[in-house]
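Hi,

Here is the structure I said I'd pass on.

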Amino acid sequence: MRKNIVAGNWKMNKNVIDAQQLMAQLLEYKKENATNCEVWIAPPALYLMMARDIFENNEVGVFSQDMSEFAAGAYTGEISADMLQSIEADGSIIGHSERRQYHGETDAACNKKVKAALDKGLIPVYCNGETLEQRKSGKHLEVVKAQTEEALFTLSAEEIKKVVIAYEPVWAIGTGETATPEQAQEIHAHIRSLIAAKYGQEVADEISILYGGSVKPDNAKEIFSQPDIDGGLIGGAALKIEDFSKIIEGFNN
Ligand code: PEP
């Protein structure tokens, strides 16, 4: 059975004191509240070891925001799958639209990163999604299909089962504009049907597909109630415990 997941992408926010404080708040919240979903965070790379120490009993999953497609070597500023594995991180976000936009990340590179992560036992959270122009011109299904195929369809069935997909329409990230639950469900069902066509329904049904793009406490429950939406990748609203915890509670009845 696929998992429900609420994952927070902290992006480039918080100094070490503030990061430690939010992690401590999250740990306290997790200890005091039963949650109906897994809770993951992707803090800046600098704080990953601190996060692993704070969440030593895996109360919260610890993810990097990106990782290198290469194993090791002269790649200044990068972190490798091996490094992440060595600090017992759980996985990495791969192909976030901000990496695509500002760092020229392609689906071909994402494919290598996903493979590199899986080879080290890490969970890749592969992000895809269309731009506003692509949606306006009715190309959203086609764009997401091409992204999914290029980044993931060289994997074996056993490998793809371990991937988490985050559908994040670029026009909804950090803009306050959210896809309607119906718009998100349409794409999630589309992604799942592409996987089913290639790998079979059983494999497709095991893959968690998260929605990302201005999820907030007041829209989380409705978004998460869609049949093919298995949780959220949360940006801005993951930076305050009050908001993030309410989003987590979107999975409570
Ligand atoms: C994100 O960065 O993955 C994201 C969804 O951001 P926000 O929730 O702020 O739109």
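Strand 1 (5–9) and strand 2 (38–42) each put at least two residues into the lining of the largest cavity. Strand 2 gives the most, with 3 residues. Bear in mind that this is a predicted model. If you want to find the spot, look for Ala7, Gly8, Trp40, Ile41, Ala42, Phe63, Ile93, Val125 and Leu233, which line the cavity. Sorted by class, that lining has 8 nonpolar residues, 1 polar one and no charged ones. The space inside comes to about 40 Å³, and searching the whole structure turns up 1 cavity of 30 Å³ or more.

Next, the pockets. The largest pocket has a volume of about 540 Å³. Its lining takes in 22 residues, and Lys11, Gln65, Asp66, Arg99 and His103 are the ones nearest the centre. Which helix gives the most to this lining? That is helix 4 (residues 97–103), with 4 residues. By class, the pocket lining splits into 10 nonpolar, 7 polar and 5 charged residues.

Then there's a helix pair to look at. Helix 7 (residues 140–152) packs against helix 9 (residues 181–199) at an angle of about 45°, and their axes are 10 Å apart. That angle makes helix 7 oblique to helix 9. The crossing is right-handed. On the helix 7 side, the residues in contact include His140, Leu141, Val144 and Lys145, while helix 9 brings in Glu186, Ile187 and His190, among others. The contact as a whole has 7 nonpolar, 3 polar and 3 charged residues.

Cheers

Note on methods
Residues are numbered from 1 along each chain as its sequence is written. This is a predicted model: local features need pLDDT of at least 70, side-chain atom pairs count only at pLDDT 80 or more; totals for chains, interfaces and linings use all residues. Side-chain values use heavy atoms; hydrogens and water are left out. On a 1 Å grid over the protein atoms alone, a cavity is a set of points where a 1.4 Å probe fits but cannot get out, and a pocket is an open set with protein on both sides within 12 Å along at least five of seven lines; lining residues have an atom within 4 Å of a point. Grid points are joined across faces, edges and corners, and a volume is the space filled by probe spheres set on the points. Ala, Val, Leu, Ile, Met, Phe, Trp, Tyr, Cys and Pro count as nonpolar, Asp, Glu, Lys and Arg as charged, and the others, Gly among them, as polar. Axes are lines fitted to C-alpha atoms, for helices over the stretch in contact, and angles run from 0 to 180 degrees between N-to-C directions. Angles under 35 degrees count as roughly parallel, over 145 as roughly antiparallel, 65 to 115 as roughly perpendicular and the rest as oblique. A crossing is left-handed if the near helix is turned anticlockwise from the far one by less than a right angle, and right-handed if clockwise. Contact means heavy atoms within 4.5 Å.
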